[in-house]
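Thanks for sending this over. Here are my notes, in numbered points, to read with the model open beside you.

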Amino acid sequence: MPFRATTRVTLGFILLALACLLLGDFEISAHDPWRSLGQLFLGLLQPDFTSVDSLGEALLRTVAFAFVGVGVGALAGMGLALLFHHWWVRTFSAFIRAIHELFWALIFLQSFGLHPVTGVLAIAIPYAGIFAKVYAEILDETDPLPAVVLPRRAGRLSRLVYARVSQAWPHLVSYTAYRLECGLRSSAVLGFVGMPTIGYHLMAAFAQGHYATVGALLLTFYVLIGTLRWWVRPKVLPFYLLVAPFLLGTGLPIMWSNVTRFFTEDIVPTPLKRGEGLEGLWEWFAQLFVNQALPGIWNTLLLTQLALVATGALALLLFPLISRHFTNRPGGVLGHVVLVVMRSTPEYMLAFILLQLWGPSMLPAVVALALHNGGIIAHLIGRRSNEILLRQDAPRGVNRYTFELVPRLYGPFLALLFYRWEIILRETAILGILGIATLGFYVDTAIQEIRFDRAMVLILITALINIGVDVLARRLRGRLRLRHGVNRQRC
Amino acid sequence: MSDFVLQDAEAHYGATRVLGPLSMGIEPGEHVALIGKSGAGKSTLLSLMYDRWQAQPVALMPQALGLVDTLSVFHNVYMGRLDRHRWWRNLATLARPFRRDVDEIAALLDEVGIGEKRWTPCGELSGGQRQRVAAARVLYQQGALLLADEPVSALDGPQASSLMGKLTQGYPRSVLAMHDLDLALGFCTRIVGLRDGAVVLDAPSNTLDSASLQDLY
C-alpha cells in the first residue's frame, strides 16, 4: 500500500522528533519532583486568597496592561492595514510580529526601565503587526459592490468607513475581542520580567514556596479569562479603554538619558564603536554567530520539532473529550473545563512552574508547549468533529475514532498544527529566558552582561528564523493542499 | 453641459467581444428600457456606460444592489450623498444621525413604503424590501442620469409600477434594464433591444407594443 503525502509528512516529522529526543537533554534533576507537584495540586485545591497582599492590584494591573496594549496595538494595526498594499508595510508588520512580547519588553526595560510604557509597548508593537495582517485580510474579504455604487466624489475616509469598515465591523470586533484574551495572557507573562502583573506575584510566591498563594493566583487567572465574555461587552468596552491608561500604576520614572544612550550607543556593535571597521565587525559577528547563535538555533529547532509532535499527539488524544461522538453532556462539560485550563495557561507560565518542580532541562519546556498548544488544537478539532454527521449504524469506540473521525479530521488537524509551528518556535525561543539553552537564553545572558549590541543581533536572528518557518509552513500547507480558515487563531 | 454619448463602444470578456461596437446617445427627458434575453448584454452595457461617463453625475443601481448589510436602512440611503458632506460629518452620522437628514430620508422611505424599517439593518430585510432601499438610495443621490439593472424585479404589480414611476420622475434621464415588457412600455420613452451584444431594436416606446417585442426572445 503506497503512503499518501500527508502520511509521509507525518512519519517524517515523527522520525525527526525521535532523533531530537536522542540529542536533547530531558533529565529530571529536581530532588523530589513529585512532592513539589503534589504540593502545587494541594495549593490549587486549597488556595489561600488572603495571603496575596495585593491580589486585587495584580489583577487590575494585568487587565489594564492588556487593555491599553491591545487598544494601542489595534489602532496602530488598523493604520498599517490600510497601507497593507505596500510591500514595505507588509514586511515591516511581519518583522515586528516575529519578535515576541517578552523580547520587546527586554529591549524597552533597558531603555524606558520599569515604566508602564515598557509594558504597553511590549504588547502593542507585536500585536500591531498581527492586527495589520488580519485586519487587512478581513477588509479584503468585504463585498466591493457598495464602494462601486457610492457617489464618485465621496471622500476617501467616508468611502472606507461606510463601504468597507462597516461591512467588516462584526468580524473586526470579534477578532479584536479574541486578541484581548491573548493580551491578558501576554500581560500576565510580562510580570515575569518585572511588570506589576500576575506573573510577578506568581514568581514571588514560588520563590518563597507558598503553594497556596500560587494556587490562588492561578485560579484567579482562570476565572478572569473564563468569564471574559461576561465582563467584556461591546457596550462597556469604550469605558474600559478610557479608564485603563490610568490604572497602569506609576512604575519608575523614565531616565531620558538612558533612552538616548540605549538607542544611540548601547545597541551599536562594539567593533564599530571602537572604530575597528568592517573587518572587526565581521569577526565580532562570526564569533557571536558560532558561539551563541548556532547553539541557540540548534536547541530552539530541536525543542520546537519535539514540542510540535508532542502537541499533535496530545491534541489527537484529547479532542474526543469535547466531541459529541464520544461523550455525553456532563462528560463534555468536564472535557471543556480541562481544555480551557490547558489553553488559557500561557506556555511561559507552565514552563516556569514545571521548571520549578522538575529542575532545568528541556522536559518542562516540551511538556509546557505540548499542554498549551495541544489544548488549543484539541479544542478546535473537537469543535470541528461536532459538525460531522455520522450514519446511524456507525461503529463505536476505538473503531469510530480510527475509521470514522480521524481520517476526516486529519487534514484540518495538520493545517492547524502547521499554523502553530511558527508560534511554537516563537515561544520556544522565549523559554530560554527561563534557563533552557534556546535563543532566548543567549539573549537574556547578553542583556545581563550589558552587551545590548549582541542581544539585538540575537533577537534579529530569532525574528528571521520565525519568518523562515512561517514561509516553510505556508509552502507545506500549499503542497499538501490543506486549507482551513483558522490562521486567525494565533496566540 | 452633460453629454451622454457612446461612439463605437465595445466590451470584451478576455479576448471575446461580448458587446458592440455600438453607438447611442441619451437626450434629456429620455428614459431608455434595455430589453433582451439574459446574456444579451444588458448588464454589460450598463456597466460600460457607468465606466464611460465617470466624469458626470451618474447614479448606479446594480442587480446585486450593493447594500451594506451591517448598516441600517437609513445609513444605506444616506450613503447616496456621502460626497456632499465633509468626512467628519459623515463619521458623526454613523454614531448619531442629524435631525435634518433623518427627516428627509424618512419621508423618502415612506414614499417607497418602508418608512417603519428605517433603523433595521439591511441584512434583515426581504428581497423586495432591499430593492426598495437601493431605490431610495439612488432617489436620494440625484444626478443627471440613472443606470439601473432590473430595479423592480423583486416587487409585485402595483408596488413595481409605483417605484418605476418614482425612478423615472426622479431623474432627467435613465437607462433601465427591464424584463417586464409592460412596465418598460408604460414608463420608458424609448426601447432598446439587445441580442448577442448588438442593438437590434431602437424605437420610441409609443410606436411599439408588447407583442412586437416578443421577437427578441
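1. Residues are numbered from 1 along each chain as its sequence is written, while chains are lettered from A and ligands numbered from 1 in the order in which they are written. Please keep in mind that this is a predicted model, where local features need pLDDT of at least 70, side-chain atom pairs count only at pLDDT 80 or more, and totals for chains, interfaces and linings use all residues.

2. On confidence, the predictor gives the complex an ipTM of 0.83 and a pTM of 0.82. Within chain B, helix α8 (residues 210–213) has the lowest confidence, at a mean of 82, and strand β6 (residues 174–177) the highest, at 96.

3. Chain A has 21 helices and zero strands. Its radius of gyration (taken over C-alpha atoms; the globule rule is 2.2 Å times the number of residues to the power 0.38) is 23 Å, which agrees with the value near 23 Å for a compact globule of 491 residues. The C-alpha trace of chain A spans about 75 × 75 × 55 Å along its principal axes.

4. How much of chain A is buried? The share is 46% of the 491 residues, where buried means 20 or more other C-beta atoms within 10 Å of the residue's own, exposed means 12 or fewer, and partly exposed is in between, with C-beta atoms placed from the backbone. Taking contacts (C-beta atoms, placed from the backbone, within 7 Å) between residues at least 6 apart in sequence, 77% of those in chain A join residues at least 24 apart.

5. Now to helix packing in chain A. The axes of helix α1 (residues 5–23) of chain A and helix α15 (residues 277–318) of chain A come within 9 Å and cross at roughly 125°; axes are lines fitted to C-alpha atoms, for helices over the stretch in contact, and angles run from 0 to 180 degrees between N-to-C directions. The pair α1(A) and α15(A) is therefore oblique, given that angles under 35 degrees count as roughly parallel, over 145 as roughly antiparallel, 65 to 115 as roughly perpendicular and the rest as oblique. Residues making the contact include Phe13(A), Ile14(A) and Leu16(A) of α1(A), and Leu302(A) and Gln305(A) of α15(A).

6. The α1(A)–α15(A) crossing is left-handed. By the convention used, a crossing is left-handed if the near helix is turned anticlockwise from the far one by less than a right angle, and right-handed if clockwise. Helix α17 (residues 347–358) of chain A and helix α18 (residues 362–385) of chain A pack at an angle of about 145°, with their axes 8 Å apart, and their crossing is right-handed. Among the residues that meet there are Leu350(A) and Trp358(A) in α17(A), and Leu363(A) and His372(A) in α18(A).

7. What is the orientation of α4(A) and α21(A) to each other? The axes of helix α4 (residues 87–98) of chain A and helix α21 (residues 452–479) of chain A come within 8 Å and cross at roughly 115°, so α4(A) and α21(A) are roughly perpendicular. The crossing is right-handed, and Ala94(A), Phe95(A) and Ala98(A) in α4(A) meet Ala463(A), Asn466(A) and Ile467(A) in α21(A).

8. Chain B has eight helices and eight strands. The radius of gyration of chain B is 18 Å, close to the 17 Å from the globule rule for 217 residues, so chain B is as compact as a globular protein of that length. Of these 217 residues, 41% count as buried.

9. Two loop residues in chain B deserve a look. Leu65(B), in the loop between β4 (58–61) and α2 (73–78) of chain B, has a positive phi near 75° without being a glycine. Leu65(B) is buried, with 21 other C-beta atoms within 10 Å. Glu150(B), in the loop between β5 (145–149) and α6 (157–170) of chain B, is not a glycine either, yet has a positive phi of about 50°. Glu150(B) is partly exposed, with 18 other C-beta atoms within 10 Å.

Methods
Helices (H or I, at least four residues) and strands (E, at least two) are DSSP runs, numbered from the N terminus. Two residues are in contact if their C-beta atoms, placed from the backbone, lie within 7 Å. pLDDT is the predictor's confidence in each residue, from 0 to 100.
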